Amino acid sequence: MVASRFFPDTPTQDEGPMSATSGSATGPTVVELPGPRPSRFSLARRENLSGYLYISPWIVGFLVFTFAPMIASLLMSFTDFDPRAPGATAFIGLDNYERMARGILGQPGGDPLIRDSLLVTVRFAALLIPVTLGFALAVAMLVNSTLLAGRNVFRTLFYMPMQIPIVASTLIWIGMLNASTGWFNQLLAAAGITGPDWLNSVTWVAPSLTIMGLWGIGNMMLIFLAGLQGIPSELYDACKVDGAGRLAQFRNVTLPMLSPVLFYNVIITLIGTFQYFTQAYIIGNGRGDPAGATNFFNFHLYREGWAYFQMGYASALAWLLFAIVLTLTVILFRSAGSWVYEAGGDR
Amino acid sequence: MSVLNPPMVRPMSANSPLRRRMRRFTAVSGVTLLAFMIVSAFLLPLLFMVTTSFKDKSQLTALGAPWYPAAPETFEYEGGTYPLYQVPMPDGTTRTLALYQPGRESSVWIDPAAPEAGTIDWEGRWRVLAPGYRFELYTDNFVTAWNALNFPRLLFNTLMIAGIGTIGAVTSAICVAYGFSRFRFPGRNGLFLLLLSTIILPMQVTLIPTYAVFSMMGWTGTWLPLIVPYFFGNAYNVFLLRQYFLTIPRELDEAAMIDGAGPFRILVSVIVPQAKAAIVAVSLFHFFWAWNEFYLPLIYLQGNQSAEPLSTAIARFNGVYSQEPTLIQAAAIMAMIIPVVVFFIAQRAFMRGIVFTGVEK
């Protein structure tokens, strides 16, 4: 009975084997005692209280650092709040959202940069997602191969760049992609190709950032790896019996079996692109260089808020970001049913 | 059925154990070599970083300079120092000679291998020749970057911000995860779902009011906004620990309870020791996440550079010294060395944690 409060998921709370054993220990007379009901109730209450007590840090944190700021941010998005003059804040209705909408639609009076920042972000996602997902999957299959000697060493090495602080890895790539002194162009020159000025070219900056993004495949690779290891080998055996080649095995077994994992990685990367910041800030010199090509959405938000102190408008942008992230998540989860393979219903 | 399978009806000689082992050996070598080549290309920028950081700036643009850190070679002759060059000789060979008397259209050289043979006259412009190089490490870049960054100060700031934040994040996550995994209370599942849903909430949504409040409280320019919020249980950490706690057999709690332990005692003496691996993983994650964090220090410490961590300071350094790639690469090494070394030491705990979260999520 005492134990039951620590075994909430076992069906012993009321009349399970636990109370039966405690009853048998004290003999059958225990049933006739007047006490047990209220004491059992107070134990359940004490368990409730303990539970709330232990999760209370999160409840406080949620209210103070999530819930209240969300409400405040929503309210702020209807104002012209400027932290340099908080007293002069005025309620301006839907003006911020109108500015945003006009900007997106290219109408006069709108935010002149928002449309481009969304385009920069979406185009980058369209490049980054297939490239990094494909590379991560290829690497995962490679380091999962039984034909690879020293698999753990390779796994560690492919994961390792994740561990380099983003600022440091960005600086490494800035050097590597330097038009004249970087090795990338020097190697291309050795092959007879004149490389572009990667990071200072409007055309090449997104491919550059994609190349840099390859260093971030670590988690994706491990998730793919776990997915690959979860595929029953009988499926491949069955495939081989049917005479399927490696490509057919990949298409008919690996891809469908990996689809939940693939799906998860797509969501995470997509959301990550809309929150892409550090690399854009450093490569764009905090200005979106070259010519606004690194003016990613999240960077635009930062600039409105902390360079121009248009925090009312930045709040509206933050809510647009939230709406985008939420919509993408919902769309992907909805569409998942049509192409994501899930084994059974239970886990 | 397997009898009908073509490979099984092949003659034994084609499938003898030796043959099979040979074929397997070839396949393993091929795949491993391929993987080695890919990983080398993948990590090539690291070699670039290391070599560049040990180069003298002049080597970057010098003609014919090698890829490794090197200095132009010189030759000591009769008390003088003379630079070495690769000199194409009239007979078609190329010799490494010391430039003894430079001239516009013709120069006088000495062969360092045989100085006693006297001088060699040569027609041509020495300025277009490639100098001879010898391997040499310049460590000045590190000294310059160290001093310009005030590196010890940055390291201290980063360690304090990441360290205190980690202590808060891990203790709070342990408590909250324990609450969610071991107690039954009304609304538990709903609250847990709420906790998980905060993962998709972009930081920017809550950031502006939080910034405004911290700024009114006078916390901007201090470490407090970068540390205090982590003392309230982050969703990722709680989730990872809760999943792990659920795998700890409840019989262990029960045994402790029979010995008279209360919930807190059970947490400290049963759950925490059992979940050490997950706790280490969460600590490492949070520590390096905080080490890496850029956005928050950028907005909160803009006005107080003495409190800055490595991330923003190195980014600013990059802006100032953008024309000095050797210094930039030295700074990059200084910023990454600790996380990378710790990663290699604690690699197993790390990977386990990642797979655990990644797959369960």
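Modeller: In chain B, helix α5(B) meets helix α12(B) through two sets of residues. From α5(B) come Thr158(B), Ile161(B), Ala162(B), Gly165(B), Thr166(B), Ala169(B), Val170(B), Ala173(B) and Ile174(B). From α12(B) come Ile279(B), Val282(B), Ser283(B), His286(B), Phe287(B), Ala290(B) and Trp291(B). Contact here means that the C-beta atoms of two residues, placed from the backbone, lie within 7 Å. By class, this contact has 11 nonpolar, 5 polar and no charged residues. Nonpolar covers Ala, Val, Leu, Ile, Met, Phe, Trp, Tyr, Cys and Pro; charged covers Asp, Glu, Lys and Arg; the others, Gly among them, are polar.

This is a predicted model, where local features need pLDDT of at least 70 and side-chain atom pairs count only at pLDDT 80 or more, while totals for chains, interfaces and linings use all residues. Residues are numbered from 1 along each chain as its sequence is written, and chains are lettered from A and ligands numbered from 1 in the order in which they are written.

Now the geometry of the pair. α5(B) spans residues 151-182 and α12(B) spans residues 276-292. Both names come from DSSP runs, numbered from the N terminus: helices are H or I with at least four residues, strands are E with at least two. The two helices pack at an angle of about 140°, with axes 8 Å apart. Axes are lines fitted to C-alpha atoms, for helices over the stretch in contact, and angles run from 0 to 180 degrees between N-to-C directions. α5(B) and α12(B) are therefore oblique to each other. Angles under 35 degrees count as roughly parallel, over 145 as roughly antiparallel, 65 to 115 as roughly perpendicular, and the rest as oblique. The crossing of α5(B) past α12(B) is right-handed.

Strands pair if DSSP finds at least two bridges between them. β2(B), residues 74-77, is joined to β3(B), residues 80-88, by 4 bridges. Across that pair, Glu76(B) stands opposite Thr81(B). Their hairpin has 2 residues between the strands, and Glu78(B) takes a positive phi near 50°. A further 5 bridges join β3(B) to β4(B), residues 94-101. There, Tyr85(B) has Leu97(B) as its bridge partner.

Chain A has 14 helices and 0 strands. One helix pair there is α10(A), residues 233-241, with α11(A), residues 246-274. Their angle is about 135°, and their axes are 10 Å apart. α10(A) and α11(A) are therefore oblique to each other. Their crossing is right-handed. Leu235(A), Tyr236(A) and Cys239(A) of α10(A) make the contact with Ala248(A), Gln249(A), Asn252(A) and Val253(A) of α11(A). That contact has 5 nonpolar, 2 polar and no charged residues.

Last, the two chains together. 71 residues of chain A are in contact with 78 residues of chain B. α2(A) gives the most to the side of chain A that touches chain B, with 18 residues. That side has 50 nonpolar, 20 polar and 1 charged residues.

How values were computed. A crossing is left-handed if the near helix is turned anticlockwise from the far one by less than a right angle, and right-handed if clockwise.
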